[in-house]
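I opened my notebook to look up a few things in this structure. Come along and check each entry with me.

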Amino acid sequence: MLTVNAYSAAWLRRGFAWVYPAEVTGGRAQRGERVRVQAEDGTVLGQGIADDGWIAVRVLADAEGGFEAGVARRVQAALSRRVAVDATARRLVNAENDDLPGIRVDDYAGHAVLSLDSPSLDAVVPIVARAVDARSLVVAYRRDPRDAGPTPAARIAGGADPGEVEVTELGLRFAVRPALGKDAGLFTDMRELRRWLAPWWTGRRVLNLFAHTGAFSVAAVAHGAARVDSVDLSAPHLSRARRNFDLNGLKTEDHGFWGEDCFKALDRLRRTGQAYDVVVVDPPGYARSDAGGWQGEKDWPRLAAACLRVLSAGGWLVACSNLGTQSPRQFAGALSQGAERAGRRLRVLHEACPPADHPAALHFPEAHYLKAWVMVGD
Ligand SMILES: C[S@@+](CC[C@H](N)C(=O)[O-])C[C@H]1O[C@@H](n2cnc3c(N)ncnc32)[C@H](O)[C@@H]1O
């Protein structure tokens, strides 16, 4: 049993599912141990799993009943919350937003990937496997930058490695590899942004930065973009982007697939006077590279300015940030600073939200992590 302070108890009663180390006022638990969490007056608030990182306990089940049955009930509740989406790649369990902190489940045409924020959560694997009942199950780990230590490799926990699986999104085809876990190959939370952009690509010259496996590039070319240059540090990701072009019968010859650092590419494009009608920029929260790396919290002004220096007058900047710790107001501030540096002004045309398979819990402050804004530059 762990006892938490009044502040934590109030948040847990509201449905928040994390206990921070400084909030534990009594008891001890090892990483991975199942624990009951109580308020200082002895009221049991829930059951969870202890960790030794920046989170002390993730609360995964109600106070009453057994732990396993409680987790299974939450997984079932998450599944029953899903509505039909126009894709065979979709999120089934959305972590804190489905009251299952640190636990995400993605479905790729019947093959599941269970992503855990910490190896301490391994005990939930059989519970989730039973509830989801997929053709295969991969367990992958996402190390939070606030936690130290290595990230275990992804592993097959049910069925056989399905290899390449074809999924669809909004009528387009994509090859994913569930065994690669979080790098499976399609970021489904961008679906609504891709839907909104679909009518607007025709005839445009597009630069897709941090292109990954080219989901935006495929969508742009499929909807008539004149040319799309995709930039990503990872050569394997770009060859998967080419594969996605092939799957949709799109020619790769007329488009660029540039395996390089986005900042270097932007600098080269500026020096050679290139201009694009649309610049899509969807960086990870944090990244290392030869050019010095990237930290979303502080580097957006620099990145936005570099993008705007290659954006034609009246062109669109599509800027996405997935940092839960960065508020929309902070994102707007960073983009404005970048615009000022580049001597440009930006106006928001559209703010995309995550699709219905990514519900956002009002009792979880970081739920609205996604900023995916379409802006027009003067
Ligand atoms: C969040 S994903 C982008 C998702 C993509 N827009 C999509 O919808 O599929 C981040 C990508 O950025 C790439 N990356 C990270 N740092 C980079 C850098 N400095 N320059 C170029 N690519 C980078 C990674 O290889 C990864 O493919």
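**Entry 1**

I began with L170, which sits in the loop between β12 and β13 (172-176). Helices (H or I, at least four residues) and strands (E, at least two) are DSSP runs, numbered from the N terminus. This is a predicted model, where local features need pLDDT of at least 70, side-chain atom pairs count only at pLDDT 80 or more, and totals for chains, interfaces and linings use all residues. Residues are numbered from 1 along each chain as its sequence is written, and side-chain values use heavy atoms, with hydrogens and water left out.

What made me stop at L170? L170 has a positive phi of about 50° although it is not a glycine. Most residues other than glycine have a negative phi. L170 is partly exposed, at 22% relative accessible area. For my own use I noted the cut-offs: buried is under 20% relative accessible area, exposed is over 50%, and partly exposed is in between (1.4 Å probe, protein chains only).

Next I looked at D133, another residue that is not a glycine and has a positive phi of about 50°. I found D133 in the loop between α3 (125-132) and β10 (136-141). With a relative accessible area of 64%, D133 is exposed.

**Entry 2: salt bridges**

How many salt bridges does the structure hold? I wrote down 27. A salt bridge here is a side-chain nitrogen of Lys or Arg within 4 Å of a carboxyl oxygen of Asp or Glu. Side chains of opposite charge can pair when their charged atoms come close.

I looked up three of these pairs.

- D52 pairs with R31, and their closest N and O atoms are 3.5 Å apart. The pair links distant parts of the chain, 21 residues apart: D52 is in the loop between β5 (44-50) and β6 (57-61), and R31 is in the loop between β3 (24-26) and β4 (34-38). D52 counts as exposed at 56% relative accessibility, while R31 counts as partly exposed at 46%.
- R34 and E68 meet in a salt bridge of 3.7 Å, N to O. R34 lies in strand β4 and E68 in helix α2 (residues 67-81), so this pair ties together parts that are 34 residues apart in sequence. R34 is partly exposed at 42% relative accessibility, and E68 is partly exposed at 36%.
- R243 forms a salt bridge with E164, with the closest N and O atoms 2.7 Å apart. R243 is in helix α6 (residues 235-247) and E164 is in the loop between β11 (155-158) and β12 (165-169), 79 residues apart. R243 is partly exposed at 35% relative accessible area, and E164 is partly exposed at 34%.

I also noted a network: salt bridges that share partners join R31, D51, D52 and R58.

**Entry 3: around the ligand**

Which residues are closest to the ligand? I listed H212, D232, D261, C262 and D282, out of 17 residues that surround the ligand (a heavy atom within 4 Å). This shell divides into eight nonpolar, four polar and five charged residues. In this count, Ala, Val, Leu, Ile, Met, Phe, Trp, Tyr, Cys and Pro are nonpolar, Asp, Glu, Lys and Arg are charged, and the others, Gly among them, are polar.

Then I checked some distances to ligand oxygen atoms. A polar side-chain atom of H212 lies 3.0 Å from one, and a polar side-chain atom of H237 lies 3.1 Å from one. For R194, a side-chain N or O atom is 3.5 Å from an oxygen atom of the ligand. The protein covers 91% of the 610 Å² of accessible area that the ligand has on its own (Shrake-Rupley method, 1.4 Å probe).

How values were computed: A polar contact is a pair of N or O atoms within 3.5 Å; within protein, one must be able to donate a hydrogen and the other to accept it, and residues adjacent in sequence count only if both atoms are side-chain atoms.
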